[in-house]
Amino acid sequence: KINETDTVLIHAAGSGVGTAATQLCRIAGATVIATAGSDEKLEKAKELGASFCFNRKEGAWEEKVLEVTNGKGATVILDCIGYPYVPQNLQAIARDGRWILYGLMGGVKEEKEFQVNLRTILMKRVQLLASTLRARSIEYKADLVTKFITHTSERLKSGENMIIYKIITIVLF
């Protein structure tokens, strides 16, 4: 659940999930912070509702997240990158933050080489949620799409620059 008190950090904001998440977070009233690898993608994220945009190729985005949140950090992180962003995410996440890992675009690291600072996770009381749709059944995915449409279609119709509604309309109707 995302609401107006949340600050959501969306990695790969130029991706399909990233553009959808930006719009949905805006509808929920959350503040969106977007990261991407090009200024063009960040400009699109801004058009779709991101309040702050940081190019991952231009340095320490995690410090910029802390700066724009007055040192608090993001209350929610939507992360499709994974391993390479672990230290930065731990720095950028707020106390009691939710870190949602839904992809591994940054690659997979062998267990013996991968170290996470569990102390930081404990001290910040971070909730790490991991999920993927790839391994889910067709029935589960169909139910998810139906619920999504039921809960969002009216809000999406009324939004400006809302490309999600246009896509849903083309695909389903």
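Q: Are Trp 61 and Tyr 85 buried or exposed, and what cut-off settles that?
A: Both Trp 61 and Tyr 85 are buried. That label means under 20% relative accessible area, with exposed over 50% and partly exposed in between (1.4 Å probe, protein chains only). Keep in mind that this is a predicted model: local features need pLDDT of at least 70 and side-chain atom pairs count only at pLDDT 80 or more, while totals for chains, interfaces and linings use all residues. Residues are numbered from 1 along each chain as its sequence is written, and side-chain values use heavy atoms, leaving out hydrogens and water.

Q: What kind of aromatic pair do the rings of Trp 61 and Tyr 85 make?
A: A search of the whole structure turns up one aromatic pair. The ring centres of Trp 61 and Tyr 85 are 5.1 Å apart and the planes meet at 55°, so the pair is tilted. The rule asks for centres within 6.5 Å for rings of Phe, Tyr and Trp (its six-membered ring), and calls planes under 30 degrees apart stacked, over 60 edge-to-face and the rest tilted.

Q: Where in the chain do the two partners, Trp 61 and Tyr 85, sit?
A: Trp 61 is in helix α3 and Tyr 85 is in the loop between β4 and α4, 24 residues apart, so the pair links distant parts of the chain. Helices here are DSSP runs (H or I, at least four residues), as are strands (E, at least two), numbered from the N terminus.

Q: How many helices and strands does that rule give?
A: The protein has seven helices and six strands. From the N terminus on, they run β-α-β-α-β-α-β-α-β-α-β-α-α.

Q: What makes the largest nonpolar core a core, and which members touch the most others?
A: A nonpolar core is a set of buried Ala, Val, Leu, Ile, Met, Phe, Trp, Tyr and Cys residues joined through side-chain atoms within 4.5 Å. The largest one has 18 residues, and Leu 9, Trp 61, Val 65, Ile 77 and Trp 99 touch the most other members. The elements giving two or more residues are α3 (61-68), β4 (74-79), α4 (86-92) and β5 (93-101), and α4 gives the most, with three. A second, separate core holds 14 residues, among them Val 8, Cys 25, Val 32 and Ala 50. In soluble globular proteins, nonpolar side chains tend to be buried together.

Q: Why is Thr 22 called buried?
A: Thr 22 has 0% relative accessibility, so it counts as buried. This residue is in helix α1 (residues 16-28). Apart from residues up to four places away in sequence, Thr 22 touches Ile 10, Val 32, Ala 45, Leu 48, Gly 49 and Ala 50; contact means heavy atoms within 4.5 Å.

Q: How do you know that the length of α1 agrees with its residue count?
A: The expected span is 1.5 Å times one less than the number of residues. For the 13 residues of α1 that should be 18 Å, and the end C-alpha atoms are 19 Å apart, which agrees. Just after α1, Gly 29 takes a positive phi of about 90°.

Q: What makes Arg 136 a charge over the ring of Tyr 140?
A: The rule wants NZ of Lys or CZ of Arg within 6 Å of the ring centre and within 35 degrees of the ring normal. The charged end of Arg 136 sits over the ring of Tyr 140, 4.1 Å from its centre.
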